[in-house]
Structure formats: structure tokens, C-alpha cells
Amino acid sequence: MRRWREHVQAHKRWHQRFRHSLKWRLVALFLVLAACTVMVFMGGTRMALSGGFELFVKPLLSDYIDRLAADIGSPPDPARAQALVDKLPISVRIDGPEVRWDSHPGKYAEKKYKYKDDEWGQRLLTRSTADGHRITFGMSDNLWHERHPVRALVPLFGLLLLTLAAYATVRRLFRPVDDIRRGAQRYGEGNFTEPIPIRRRDELGDLAQQVNDMATGLQGMLRSQRALLLAISHELRSPLTRARLNAELSGDTPERAALLRDLALMGELISDLLEGERLAAGPSALQRTPTDLNTLVREVAAGFDGQPLQLTLADDLPAVPLDRPRATMLVRNLIDNALRHGASEGLPVMVSTHVDGEQAVLTVRDHGPGVPDDQLARLTEPFYRPDVARTRAAGGVGLGLYLCRLVAQSHGGSLVLRNAAPGLEAVVRWPT
């Protein structure tokens, strides 16, 4: 039963992929049209020739069979019949009271002579002699088999070549569509370094050029916004510092403490924005050194002394080329985020490392309420906070996971968030 369900699921997946793939649908349409064309051509040819066969070919063939039967004689002479078989591509079978002879004995020959009484082939190819013998003629296909032993495979190879040619043609025609799809995906991820190649000067080439022009415009708008954000952040730092100094010099009141907390939050926000813009520049912003990831995790965990943390670190973890300050920020943000949103459940936050191929993997898991699946992909967007559990009251301004993603990507790695049921699990992969 399980294998049957797996088979049904596999069939459904294949059907969905076929319906989703425009290439394979066009190949199938091409083959169906080719098959229909062949059937229409053969049917039309048969209809056109059937009248000519009845009027011209059948009388000539009947007269020729009469002459062959006369050459064999009455009573039939097997020697003469064998001479005809040796000279012509025909088969002869003689049934009668005195002579029973078959030029091609065997299963195939027996099958060829099983005509029904009302079949025109028996009437056309069979002659009866005056002494009670019946002579049946047929086509000998031994010569055809000897000269064309693989003729049965010719249609199969032809169909295979036709399918391959159709697929290659469709694939070539749709190659610009694949380029546009990959380019749109790159642009959607914020990668504008590689434009969509222009392979042809047709409608698809024009579409690729228009998408490139649109991406160039978007890149310019993003650069302008980032420049404006950087300028505002730099300009806010000086008055913010002065406001903090003035607040620290004022009297020790609850209002002063609240003001200092707000100023500290604004300072962190500005620092995170500037750091995010620096990381957006890519690997050029990093200063990598071989780093023991386990040691780094232990140092960060020591800063959370007294918090429920459980470390499971692999002993065989190789040194990882990391920008140590930024990697420290990533580990600290992930642990702090897990403690703020999952420690209340009474279970410790689990931090582990292991090796997966040529990657060092860091996993941080809490046991909190998790995040709805439809919001997981947006957790690493700047200033995004789910409405249910991770609100401003729980701390943070929505830049922590955004910076973690930038740190991982700038190192050539990745950050993946997923629900661990219960809790949320963050998995960071770094190339070693």
C-alpha cells in the first residue's frame, strides 16, 4: 500500500512538472501533430490508391498468378515450384491428394496461409488445378529479413531522433526565457552584477533588454535610497550623542532612565543601519581570518551567563575563514533572539555545530511558539516583525536577523530559518 501511494505521488509530481513545463508541452504538441500528419497522409494515400488497385493492379496480378500456376503444372511439380521460388521473391504451398509441398515450412509460413474463405487474398493468390490440388502463393520476406535485419527498429530510432530533435529545437528557442527567469531571480535577490545575456535580436531579446533596463533603474533607485539613509544616519549620530550626554548629566529620575534607554535604542538602530549598508557591499567589506567557530561560540555564550543555554559542539570542526567581529555579532544575535522568544518555555536554547561536507554548520534552536510558515521567509527582511509573538515589546527593532543574513551571505554562506515544532531553528552554513 505504501509503495502504491509513493507511485501515485510520483505520478502526480511528474504530471505537475509536465503541466508546468512549457518546453515538454510543446514537444508533446509537436509529436502529436507529426503523428496526426502521418496518419492523415497515409489515410489519404490509401484512399487514392485503393481505386487504382481495383481497376489496374488487381487484374494484372490475377493474370500473373494464373501464369505462375500454369508454370507449376497439373499435377503440380515441386521442382518447378522450387525454381519459381528461387527466381522470384514468392512462397508457394501445394495441398492435394498426391502432392503436399511447402516452400517455407514453419510457423511463419503457416500463419501466412491462414486466410478466411471470404478474404480477397485467398481468392486472388490461390488457384485450384483440375486434379484437385490447391496452389497458394505468397510474398517471401526472407530476402527482406536478410538485407534489413533491424528494420523493426528503424521506426523506433526515427521516433527517438524526432523527439530529441524536437526537444533540442524547443530548448534552443526557450533558452532566452531561462536566462530571463534566472536574471529576474538574481534581481529579486538584489544581485545586479550580472545582466541578462542578449542572445538574439527578436522579441525575447527585446524583452531581456527591457528587463535589464528596468533592473538598472531599480539599482539606481536603491543606491539613492542607501545614500540617503547613510547620510541621515551619519547626521543623527552627533545630536544623538549630545542628547545622551545631556541626559546623563540630568538628575537621577525615572524619566532620565527611560530617556537613556530610548537613546540607547536609537544608537543601536543607527549602528545596525550603517553595518547593514557596509555588509551590503559584499565580501569586500570583510576581513577574514581562520577562526575556531567552537571557541567563538563559547565566548559568546559566556556573555549570557546564567541563561538557559545548551552547547553541543563538534570536536572535528575545521577552522573557518570568518570576519570575527561580524561572526560574533551573528552568533550573539541568534542566541539573544532565541532567548528572548523561547526561553520562557522552560527548555534551554540549543546551540550546536557540526560539519556537513565542506561546510561548517551552526544551529541555534529555541522552544518558543515559532513563527507561521508563511512569515518565515520575511523574518530576515529589515524592520520585519511578525505580529503574533515577536513584537517590539519583546525587544529589537527588526534588524538583528537581517544583519545575520547579510553576514552569512557576505561570507558565501547562508542563513535558513525553519520551524522545529516546537520552536524556531536558525541554521547557518559557512564554507570551510
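Which residues point one way from E1, and which the other way? Keep that in mind as you open this predicted model.

**Stop 1: strand E1.** Select residues 90-95, which make up E1. Ile90, Val92 and Ile94 point one way. Ser91, Arg93 and Asp95 point the other way. In a regular strand the side chains alternate between the two faces of the sheet. Now colour by burial: six of the six residues of E1 are buried.

**Stop 2: the sheet.** Four strands form an open sheet, in the order E2-E1-E4-E3, with antiparallel pairing. The edges are E2 (101-102) and E3 (126-128), each of which pairs on one side only.

**Stop 3: the partners of E1.** Select E4, residues 134-139. Six bridges join E4 to E1. Ile94 has Ile135 as its bridge partner in E4. Turn next to E2, which two bridges join to E1. Here Arg93 has Asp102 as its bridge partner. Follow the chain from E1 to E2 and you pass through a hairpin of five residues.

**Stop 4: helix H3.** Select residues 78-87. This helix lies across E1 and E2, and runs at about 165° to E1.

**Stop 5: the largest nonpolar core.** Select Leu330 and Leu362, the residues with the most contacts inside this core of 43 residues. Then show helix H11, residues 324-342, which gives the most to the core, with eight residues. Zoom in on Leu362: among the residues it touches are Leu293, Val297, Leu330, Val351 and Trp430.

Conventions: Residues are numbered from 1 along each chain as its sequence is written. This is a predicted model: local features need pLDDT of at least 70, side-chain atom pairs count only at pLDDT 80 or more; totals for chains, interfaces and linings use all residues. Side-chain values use heavy atoms; hydrogens and water are left out. Two strands pair if DSSP finds at least two bridges between them. Contact means heavy atoms within 4.5 Å. Axes are lines fitted to C-alpha atoms, for helices over the stretch in contact, and angles run from 0 to 180 degrees between N-to-C directions. A nonpolar core is a set of buried Ala, Val, Leu, Ile, Met, Phe, Trp, Tyr and Cys residues joined through side-chain atoms within 4.5 Å. Buried means under 20% relative accessible area, exposed over 50%, partly exposed in between (1.4 Å probe, protein chains only). Lists of a residue's contacts leave out its neighbours within four places in sequence.
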